[in-house]
Amino acid sequence: DPVITLAAANSTVECDGSGNVAALNAWLASNGGATATDACGPLTWTNDFTALSDLCAATGAATVTFTVTDGSGNFATTSATFTIEDTTAPSIDEEAADVTMPCGANDILQVLDGWIENNGFAEATDLCGPVTWSNDYVGLSDLCGATGAATVTFTATDVCGNESTTTATFTTR
């Protein structure tokens, strides 16, 4: 049998949003970094890769067995895992914006509700998938009379659980 002189090595890459095709193909083409020798003839490498599992968003993993075969049909195998992970938080592309409304305006609650529903007008993106928003709004404080304020932290969370935040204040005076 051929002798595996260097076993295939695991590879972990950060999600690029496009399936990390180049990194995966390079890893497969290099037999996971494995090397082998044999005294009788040329060696041929094959592998059993079919697809990546679905972890979260555009991440996944595959354990691949690489088989090296000599000219006489003798073979040896080595296995390793290729993993795409997402450890990067969403990018806050537009920070939440402060809003100040005049005291007594008829549409304060409508503007406040729109501000909350639109995440303080913040925008976020993530290379690996969609972003969901949450916030810690509990109500306006009572400053004096019909005025109040709320400082709200808006949290953008990707499918893999990574988070980014932005904070802004809604004020009536």
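Biologist: Numbering the bonded cysteines of the protein in sequence order, what is the pairing?

Modeller: This is a predicted model: local features need pLDDT of at least 70, side-chain atom pairs count only at pLDDT 80 or more, and totals for chains, interfaces and linings use all residues. Residues are numbered from 1 along each chain as its sequence is written, and side-chain values use heavy atoms, with hydrogens and water left out. A disulfide is a pair of cysteine sulfur atoms within 2.5 Å, and by this rule the count is 2. In sequence order, the bonded cysteines pair 1-3, 2-4.

Biologist: How many residues apart in sequence are the parts tied by cysteine 15 and cysteine 128?

Modeller: Helices (H or I, at least four residues) and strands (E, at least two) are DSSP runs, numbered from the N terminus. The sulfur atoms of cysteine 15 and cysteine 128 are 1.7 Å apart, forming a disulfide. Cysteine 15 sits in the loop between E2 and H1 and cysteine 128 in the loop between strand E9 (123-125) and E10, so the separation of the tied parts in sequence is 113 residues.

Biologist: Are cysteine 15 and cysteine 128 buried or exposed?

Modeller: Relative accessible area decides: under 20% is buried, over 50% exposed, in between partly exposed (1.4 Å probe, protein chains only). Cysteine 56, at 22%, is partly exposed. Both cysteine 15 and cysteine 128 are buried.

Biologist: Is the link of cysteine 56 and cysteine 160 left-handed or right-handed?

Modeller: These two cysteines form a disulfide with sulfur atoms 1.9 Å apart. Cysteine 56 lies in the loop between E4 and E5, cysteine 160 in the loop between E11 and E12, 104 residues apart. The angle about the S-S bond is 105°, and the link is right-handed.

Biologist: How many bridges pair E5 and E6?

Modeller: The two form a hairpin with 5 residues between them, and glycine 73 in its turn has a positive phi of about 90°. Threonine 67 has threonine 77 in E6 as its bridge partner. E5 and E6 pair in the antiparallel sense, and the bridges number 10.

Biologist: At what angle does helix H2 run to E12?

Modeller: Axes are lines fitted to C-alpha atoms, for helices over the stretch in contact (heavy atoms within 4.5 Å). Angles run from 0 to 180 degrees between N-to-C directions. H2 (residues 108-117) lies across E8, E10, E11 and E12, and its angle to E12 is about 170°.

Biologist: What arc do the buried residues of H2 cover around the axis?

Modeller: Those residues are Ile108, Leu112, Trp115 and Ile116. The arc is taken from the directions from the helix axis to the C-beta atoms. They lie on the same side of H2 because they cover an arc of only 95°.

Biologist: Which exposed residues does the face of H2 turned away from its buried side carry?

Modeller: The buried residues of H2 pack against E8, E10, E11 and E12. On the face turned away, the exposed residues are Gln110 and Glu117.

Methods: Two strands pair if DSSP finds at least two bridges between them.
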